[in-house]
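Me: I would like to learn how to read a structure like this one. Please take me through it feature by feature.

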Amino acid sequence: YVVSAGTYGSSSQTTTLTVKAAANTADSTYTCVITSNEWETKKETVVTLNVFSAVLEDKSTAIGSATTITCTIIGLSTNTPVTWIDPDNNAISDSDTSNYVIDQGSYVFGSKASTLTIKQSKLENLGESSSSIFKCQLKSALYPLIRLMWSKI
C-alpha cells in the first residue's frame with residue numbers, strides 16, 4: 001500500500017491510498033481515519049474497494065473498412081459509465097458520429113461490454129505506419145474520484 005497525504009488548501013485535503021496489484025485480488029474494505037489535535041476530534045469512514053476485471057483484445061484492421069473494439073468489464077457492483085479515449089488521450093464524445101459510434105452496452109449481472117466503432121474515414125486519418133492506442137476508461141459511479149484505465153492497441 002502507498003499512502004499519499006496530499007496537500008491542504010481551501011479547508012480540505014485529499015489523501016489517497018494506492019492498493020498495489022498484488023493486494024488487489026478480492027473485494028475488501030479500508031478505514032480512513034481523520035484526527036485533529038486542534039479540534040480534538042476523530043472521524044472514521046469505511047471505504048469499499050470492489051475488484052473487477054476488464055478484457056480487451058488486440059485488433060488489427062485494414063484501411064478501407066470500419067472496425068469495432070470491445071471493452072468487457074466483469075465483476076461490477078453497479079452500472080459503470082465507460083469513456084473511450086483516442087490515441088491523443090482525448091475523451092471521445094458520443095456526439096462525434098462522423099468518426100465513431102459508441103455503445104455503452106447493457107449492465108447484466110455485474111458485467112457489461114462497451115463497444116467503440118472507428119469509422120473508415122477516421123482509420124484512414126490515423127495513418128498506416130504506426131499502431132494507434134484507444135483506451136477504455138471506467139469511472140466509478142459510487143466513488144467519482146476513482147478512475148481505472150486499460151489500453152487497447
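**Reading the fold, core and surface**

Me: How much accessible surface does the chain have, and what part belongs to carbon and sulfur atoms?
Reply: Accessible areas come from the Shrake-Rupley method with a 1.4 Å probe; for residues, only the protein chains shown count as cover. Here the chain exposes about 10300 Å², and 50% of that belongs to carbon and sulfur atoms. This is a predicted model: local features need pLDDT of at least 70, side-chain atom pairs count only at pLDDT 80 or more, and totals for chains, interfaces and linings use all residues. Residues are numbered from 1 along each chain as its sequence is written, and side-chain values use heavy atoms, without hydrogens and water.

Me: How many helices and strands are there?
Reply: Both are DSSP runs, numbered from the N terminus: helices are H or I, at least four residues; strands are E, at least two. This chain has 1 helix and 13 strands.

Me: Which residues touch the most other members of the largest nonpolar core?
Reply: In soluble globular proteins, nonpolar side chains tend to be buried together. A nonpolar core joins buried Ala, Val, Leu, Ile, Met, Phe, Trp, Tyr and Cys residues through side-chain atoms within 4.5 Å. Buried means under 20% relative accessible area, exposed over 50%, partly exposed in between (1.4 Å probe, protein chains only). The largest core has 14 residues, and W84, L116 and F134 touch the most other members. Strands β8 (67–74), β9 (82–85), β11 (111–118) and β12 (134–139) each supply at least two of its residues.

Me: Is V3 buried or exposed?
Reply: V3 is exposed, at 60% relative accessible area. It sits in strand β1 (residues 2–4).
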